[in-house]
Amino acid sequence: MIEIKDIEKSFDGVKVLKGVSAVFETGKTNLIIGQSGSGKTVLMKSLVGLVRPEHGEILYDGRDLLKLDREQLRHLRTEIGMLFQGSALFDSETVLGNVEFPIMMYTKMTDAERRERARFCLERVGLKGADDKYPSEISGGMQKRVAIARAIALNPKYLFCDEPNSGLDPKTSILIDELLSDITHEYGITTVINTHDMNSVLGIGENIIFINKGYREWVGNKDLIYETTNEALSNFVFATDLFQKVKQYVLSHGHPMKG
Ligand SMILES: Nc1ncnc2c1ncn2[C@@H]1O[C@H](COP(=O)(O)OP(=O)(O)OP(=O)(O)O)[C@@H](O)[C@H]1O
Ligand SMILES: [Mg+2]
């Protein structure tokens, strides 16, 4: 579990995060949602230590990220997997090389062990036989899978994904969502996903944190979201005709996937 308390972050005197508190639960897909510019990426970067907030606590199962020394931080890094906007693979490395990279950086595994672990991860994300290809030779969806394989290479306790679906078609997006959700449950990972994809919100939102203008305005899940009385959230999630219709249907008939 990761708990954040009263996080504040400004850039050039402008406050972007205005006292955000939240809990990201173990073994669940925790979604941070909000409009473009609301502060999702800044919040995620704060969570992983790439941005230093001026105020607040970031507790990784009780360990405050902002108070760790170098050695403790290095150790925590080995427990974190990351998937940033775009897949950010190393173009000059093969698929296998990309997944082997963090293992090489952070463990003392032998070459053979490392290769075996990387192959296992690639297989887990449904990528077999692509080991020797270069990122430029595979599709965007496959690149995401490689990035996920790389992110889980060290068997992370915590997994962070910033807009994992950006640039993917709706069907591929759902497959990537399902993969992230399956991995989260299978390995009991505390997974945090930034998204403004409504399919993801309504599909895998087990714990949803809504950020609006730097404030955490709502917490809930994909079932509760239909009943929200928060106007900003409602306007954000049910902005299109299609999602309005889905909402009306669910409110009058109950959830089609249940009972
Ligand atoms: N390094 C920085 N320096 C100055 N301002 C920044 C910096 N990083 C982010 N900001 C500002 O912080 C605000 C929040 O940005 P952020 O990238 O977190 O939004 P977001 O919710 O992730 O948006 P999107 O959905 O488009 O990715 C924006 O106004 C942005 O301009
Ligand atoms: Mg962002």
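A charge is said to sit over a ring if NZ of Lys or CZ of Arg is within 6 Å of the ring centre and within 35 degrees of the ring normal. The legends below describe a predicted model.

Figure 1. R150 lies over the face of F90, with a distance of 5.0 Å to the ring centre.

**Figure 2. The aromatic pair of F90 and F101.** Four aromatic pairs are found when the whole structure is searched. In the pair of F90 and F101, the ring centres are 4.9 Å apart and the planes meet at 65°; because planes over 60 degrees apart count as edge-to-face, this pair is edge-to-face. The two residues are 11 residues apart and link distant parts of the chain. F90 belongs to the loop between β6 (80–83) and α3 (95–106), whereas F101 belongs to helix α3.

**Figure 3. A nonpolar patch on the surface.** F90 and F101 also take part in a nonpolar surface patch, together with M104 and M105. The accessible area of these four residues together is about 360 Å². F90 has a relative accessibility of 35% and therefore counts as partly exposed. F101, at 30% relative accessibility, likewise counts as partly exposed.

**Figure 4. The protein chain as a whole, as context for the close-up views.** The protein chain contains nine helices and 10 strands. Its radius of gyration is 19 Å, close to the 18 Å that the globule rule gives for 259 residues, so the chain is as compact as a globular protein of that length. The C-alpha trace spans about 55 × 40 × 35 Å along its principal axes. Of the 259 residues, 49% count as buried.

**Figure 5. Helix α1 and the glycine that follows.** Helix α1 comprises residues 40–48 and is mostly covered, with seven of its nine residues buried. The buried residues of α1 are K40, V42, L43, M44, S46, L47 and V48. After the helix comes G49, which has a positive phi, near 90°.

**Figure 6. F210 in strand β9.** Strand β9 covers residues 207–212 and contains F210. The relative accessibility of F210 is 2%; since buried means under 20%, F210 counts as buried. F210 and S38 are 172 residues apart along the chain, yet their C-alpha atoms are separated by 9.5 Å.

**Figure 7. Positive phi at D12.** D12 is a residue other than glycine with a positive phi, near 50°. This residue lies in the loop between β1 (2–11) and β2 (14–24). The relative accessible area of D12 is 82%, and D12 is therefore exposed.

**Figure 8. Positive phi at N155.** N155, also a residue other than glycine, has a positive phi near 55°. The loop between α5 (140–151) and β7 (158–162) holds N155. With a relative accessibility of 51%, N155 counts as exposed, because exposed means over 50%.

Definitions and conventions
Residues numbered from 1 in each chain as written. Chains lettered and ligands numbered in written order. Predicted model: local features only at pLDDT ≥ 70, side-chain atom pairs only at ≥ 80, totals over all residues. Heavy atoms only, no water. Phe/Tyr/Trp six-rings, centres within 6.5 Å; stacked < 30°, edge-to-face > 60°. Helix = DSSP H or I, 4+ residues; strand = E, 2+ residues; numbered from the N terminus. Buried < 20%, exposed > 50% of the residue type's maximum accessible area, 1.4 Å probe, protein only. Patch = residues over 30% accessible without salt bridge, like charges linked within 9 Å, V, L, I, M, F, W, Y side chains within 5 Å. Areas by Shrake-Rupley, 256 points an atom, 1.4 Å probe, with all protein chains shown as cover. Salt bridge = Lys/Arg side-chain N within 4 Å of Asp/Glu carboxyl O. Rg over C-alpha atoms; globule rule 2.2 N^0.38 Å.
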